[in-house]
Amino acid sequence: MKKLLFITACITLADLGACNRLTTFSGSRESDSWPLFRGDPSLSGYTQTRLPAEPLLLWSYKSDSRTVSSPVVYRSVAYWCDKRGRIRGIDKQGEPVFEYDIGTAVDATPLIHDSVLYIGRIDGYMTAISLVEKDTLWRFGTYGQISASPTLSSFEGTEALLFGSYNNLFYSMDIRTGKEIRSFESGYYLNGAATLWENHVVFGGCDAWLRIIDTTTGIQSDSLQLPAYIPASPAL
């Protein structure tokens, strides 16, 4: 029987030229919301909300298609997208309150900001969907699978989505217009989400490089090659 060895790399970003304080999400996160993958742009997965000593199941909901990504919560509604491309929203009573069909499979966890849901698709498009109007605002084609959630940050003075694609490029994109601000080339697929450390964005790639980009200047400030490919998301 083969044995697999899993290694977690713990890296001090000060050694890579980054700063030493965590960024905060644009507008403090509401108590009834968990609007992006792992809860905040540092991907910490941390919340001050306490679970009850004896949790009880309040409701469950079953759809007719498999789901790969994590749900996010926005104003007490849980949203996710299934492998058929249908986005669903279920309120805290377990009742469906939102449904929208984007027509293609999704593996990525969405991000919600100002009542707009941003989601990457298997067919390579990043799509912005209005939760109020139930309509697509814009979509941007990368011609490579998008498997991870985007991150929200200021980039060169513009509010931007930051995400990678299987076309080996990492993008910064104007969140309002869906137009590219800048892209960065890697050596292979970008599979995980990016994380923020103040004015630096950090992401790994399947080429085994961990990269750091200064979001103020739009210039790659440092990088580190690890012993194996990086298929997942870093956390700070």
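Author: Let's start with Val202, which sits opposite Ile212 in strand S15. Strands here are DSSP runs of E with at least two residues, numbered from the N terminus. By the way, this is a predicted model, where local features need pLDDT of at least 70, side-chain atom pairs count only at pLDDT 80 or more, and totals for chains, interfaces and linings use all residues. Residues are numbered from 1 along each chain as its sequence is written, and side-chain values use heavy atoms, with hydrogens and water left out.

Strand S14 (residues 200-204) and strand S15 (residues 209-214) are antiparallel partners joined over 5 bridges; two strands count as paired if DSSP finds at least two bridges between them. They belong to an open sheet of 4 strands, ordered S13-S14-S15-S16, with antiparallel pairing. Strand S13 (195-197) and strand S16 (219-225) are at the edges with a single partner strand each, so one side of each has no neighbour in the sheet. From one strand to the next, the twist averages 25°, using axes that are lines fitted to C-alpha atoms and angles that run from 0 to 180 degrees between N-to-C directions.

Most residues other than glycine have a negative phi. Asp114, though, has a positive phi near 50°, and its place is in the loop between strand S5 (111-113) and strand S6 (116-120). Glu156 isn't a glycine either, and its phi is positive at about 50°; you'll find Glu156 in the loop between strand S9 (151-155) and strand S10 (158-164).
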